[in-house]
Amino acid sequence: MHSAGRTVVSGRIAAAIALLVLGSAAAATAQTADLSVNVTATDPSDTRYVADVTNNGPGAASNVALAVALPGGVIPISVTPTPACAFSFDGSTLNCALGSLANGATASVTIVLYPITTGTKTATASVSATEADPSPSNNTSSASSTIVGVGIANMSVTLLDVPDPLRIGSLLFYVATVTNGGDDDGHDVVLAFPLPDNVVFLAAASERGACTMSGRTVRCPLGAFAVQASVRAAVAVVPLQSGFLVATASVSSSTVADPNLTDNAATTRTWVNP
Ligand SMILES: [Ca+2]
Ligand SMILES: [Ca+2]
């Protein structure tokens with residue numbers, strides 16, 4: 001009996017030792033994961049941000065959580081991915097439950113906001129996971145953009161061809177007129193004019209200065225437009241082929257919303273005699 005009791009006791013001790021050994025072994029191999037986050041403002045004049053969350057290892061990261069403090073004076077528009085990411089009810093923060101990230105894996109979160117005030121807009125992201133992070137210093141990141149204009153600017157463009165009709169080899173002028181018919185100033189307005197085929201480009205300029213050529217597209221930076229402001233730009237070409245010549249000009253403003261996009265492009269058709 002006595003020896004049987006001793007056996008029981010030593011069995012319990014052995015189990016306790018085994019637990020201690022297993023426990024310390026588990027502690028020795030506990031996973032760590034060095035998460036990092038990098039936020040970029042995709043356009044310095046727009047409130048769009050991309051937050052890249054990377055697991056630099058060595059272990060896998062689980063329950064990866066991204067929290068983004070949003071700037072003031074913006075309205076949340078969209079976030080990708082959903083439903084992993086969701087804006088808080090008051091629009092002040094964005095929270096993402098990104099699940100597990102393998103060693104070396106990156107999860108990308110795209111955030112689109114709509115600015116309702118001007119100024120510097122900074123988004124600050126921080127990332128965490130269940131596993132211990134050996135390098136916490138790279139777990140936060142910020143990016144800023146500068147908003148110079150807000151509101152509604154209904155930019156529009158019309159396009160004239162002079163003369164029409166004309167003969168092959170003679171001078172053809174396109175005149176584009178860009179107007180802001182909105183209630184607020186337009187900013188960073190750009191006129192784009194892709195040259196039609198079978199013409200030789202001669203020159204282009206606007207009332208606001210020089211235009212540039214990239215590929216076969218003329219771009220005229222027109223700057224800011226006050227309400228009802230109107231600016232003309234002219235492009236001179238020489239047609240090389242008879243028939244109808246079709247050209248389209250378009251206008252964009254990178255910083256404010258345009259409520260009507262149907263008038264942001266205009267097309268004209270010119271008859272070229274042999
Ligand atoms: Ca880290
Ligand atoms: Ca428009």
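A residue counts as buried if 20 or more other C-beta atoms lie within 10 Å of its own, as exposed if 12 or fewer do, and as partly exposed in between. That cut-off is used below for two residues of this structure, which is a predicted model.

Strand β1 covers residues 33–41 and strand β2 covers residues 48–58. The two strands pair in the antiparallel sense, over 8 bridges. They form a hairpin, and 6 residues lie between them. Strand β2 is also joined to strand β7, residues 106–115, by 7 bridges, and this pair runs antiparallel too.

V39 stands opposite A51 in β2, and A51 in turn stands opposite V109 in β7. Leaving aside residues up to four places away in sequence, A51 touches V37, V39, L66, V68, V109, I111 and A125.

**Nonpolar cores**

The largest nonpolar core has 30 residues, and A51, V53, L66 and I111 are those with the most contacts inside it. Two or more residues of this core come from each of β1, β2, β3 (61–69), β4, β5, β6 (93–101), β7 and β8 (119–128). Strand β1 gives the largest share of this core, 5 residues. There is also a second, separate core of 29 residues, which includes V157, C220, L245 and V256.

**A five-strand open sheet**

An open sheet is formed by 5 strands in the order β10-β12-β18-β14-β15, with antiparallel pairing. Its edge strands are β10 (155–162) and β15 (209–210), each of which pairs on one side only. Strand β14, residues 199–206, is joined to β15 by 2 bridges, and the two run antiparallel. A205 has A210 in β15 as its bridge partner.

**Backbone exceptions**

Most residues other than glycine have a negative phi, and most peptide bonds are trans.

| Cis peptide bond | Omega |
|---|---|
| T82 to P83 | near 5° |
| D164 to P165 | about 5° |

P83 has its place in the loop between β4 (74–80) and β5 (85–87).

For D188 the value is about 50°, and for N198 the value is about 60°. D188 is found in strand β13, residues 186–194. N198 lies in the loop between β13 and β14.

Definitions and conventions: Residues numbered from 1 in each chain as written. Chains lettered and ligands numbered in written order. Predicted model: local features only at pLDDT ≥ 70, side-chain atom pairs only at ≥ 80, totals over all residues. Pairing = 2+ DSSP bridges. Helix = DSSP H or I, 4+ residues; strand = E, 2+ residues; numbered from the N terminus. Core = buried A, V, L, I, M, F, W, Y, C linked by C-beta atoms within 7 Å. Contact = placed C-beta atoms within 7 Å.
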